[in-house]
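User: I'm new to this one and would like a plain walk through it. Could you take my questions one by one?

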Amino acid sequence: MSSTILKLIALALMLTDHIAEFIPGTSIVLHYIGRLSYPVFLICVLWSLHYTHDRIQYFKRLYLVGVAMAVMNIILNNVIASPYVYISNNIMIPLLLTGVIIHIIELFQNARKEGWKWLMAFLLLQVISIAFCILSRETFGQMGVWGTTSFIAAVLPNVIWCEGSFFFIVMGVTLYFMKESKWKLSVTYILFSAFFILQSAPGFTYESLMWHHYQWMQVFALPFMLAYNGKRGPKMKYFFYIFYPVHIAVLYLIGNLCF
């Protein structure tokens, strides 16, 4: 499958997941299906990083959409009083951080001096961003302007308060360096997926695995990840950047105003 086809599949999986997130009374099965979305998007981004001739422009697009998403989130979260569920979604930031870390690692392999510059700048950004996020939590706690910490963590991207947190970034960076070997990619991805089963310990009960810690179901995305054929497919990149914030805003408003 081409990158465009995989992104369309991931988009449909993501839409299914977000319907369950924002629309009251929907089945948890939609969340199960949605667990496949991020890994499919991730593999597309990893190959895009591999092929793109201008990573800086690619990073800029991810960042600008991530910031726009953060602005939308903080506005919508505070416009409606006591919403059914707050918006915390911002997939662009973990994808951006994954890409930047990969870029730094590859710079160390090919241009160590430049790699040190990027690493120092990245670490400084993390310190500043995390400090502001901690200050935000100390100031607002769980009340006040809801989503301030998430907003800061998007404007000053950090690996702690991004969607999926540090674990998803580690998974993305690791898979990037395994992507050209299907068996290495498969084994690595299965191990990362199995990690989520450990979250249900002790006990590994059916209720825990199926109702609380079901991120392990992302393992079923592996066939789609392996189906990538190295081709881009029809150009639709701006469609995905636009669809992501728009569909979340629409579902959020439907869930809060129509139910």
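User: In which helix is the place of serine 165?
Analyst: This is a predicted model, where local features need pLDDT of at least 70, side-chain atom pairs count only at pLDDT 80 or more, and totals for chains, interfaces and linings use all residues. Residues are numbered from 1 along each chain as its sequence is written, and side-chain values use heavy atoms, with hydrogens and water left out. Helices here are DSSP runs of H or I with at least four residues, numbered from the N terminus (strands are E, at least two). On that numbering, serine 165 sits in helix H8.

User: What is the phi of serine 165 near?
Analyst: Most residues other than glycine have a negative phi. Serine 165 is partly exposed, with a relative accessible area of 29% (buried means under 20%, exposed over 50%, partly exposed in between, with a 1.4 Å probe and protein chains only). Its phi is positive even though the residue is not a glycine, with a value near 60°.

User: Is serine 82 buried or exposed?
Analyst: Serine 82 is found in the loop between H4 and H5. It has a positive phi too, about 50°, without being a glycine. With a relative accessibility of 69%, serine 82 counts as exposed.

User: Which residue forms a salt bridge with aspartate 17?
Analyst: Side chains of opposite charge can pair when their charged atoms come close. A salt bridge here is a side-chain nitrogen of Lys or Arg within 4 Å of a carboxyl oxygen of Asp or Glu, and the structure holds two of them. In this one the closest N and O atoms are 2.6 Å apart, and the partner of aspartate 17 is arginine 35.

User: Why does that pair tie together separate parts, and how many residues apart in sequence are they?
Analyst: Both aspartate 17 and arginine 35 are buried. Aspartate 17 belongs to helix H1 and arginine 35 to the loop between H2 and H3, so the parts they tie together are apart in sequence by 18 residues.

User: How far apart are the closest N and O atoms of glutamate 106 and arginine 55?
Analyst: Glutamate 106 is in helix H5 and arginine 55 in helix H4, so this pair links parts 51 residues apart in sequence. Glutamate 106 and arginine 55 are both buried. Their salt bridge has its closest N and O atoms at 2.7 Å.

User: Which helix gives the most to the lining of the second largest pocket?
Analyst: A pocket is an open set of points on a 1 Å grid over the protein atoms alone, where a 1.4 Å probe fits, with protein on both sides within 12 Å along at least five of seven lines; lining residues have an atom within 4 Å of a point. The second largest pocket has a volume of about 490 Å³, a volume being the space filled by probe spheres set on the points, which are joined across faces, edges and corners. Of its 20 lining residues, Asp17, Arg35, Glu163, Phe168 and Gln215 are the closest to its centre. Four lining residues come from the top contributor, H1.

User: What is the volume of the largest pocket?
Analyst: It's lined by 33 residues, with Lys7, Ser48, Tyr58, Arg61 and Lys237 the closest to the centre of the largest pocket. The largest share of that lining, six residues, comes from H3. The volume of the largest pocket is about 740 Å³.
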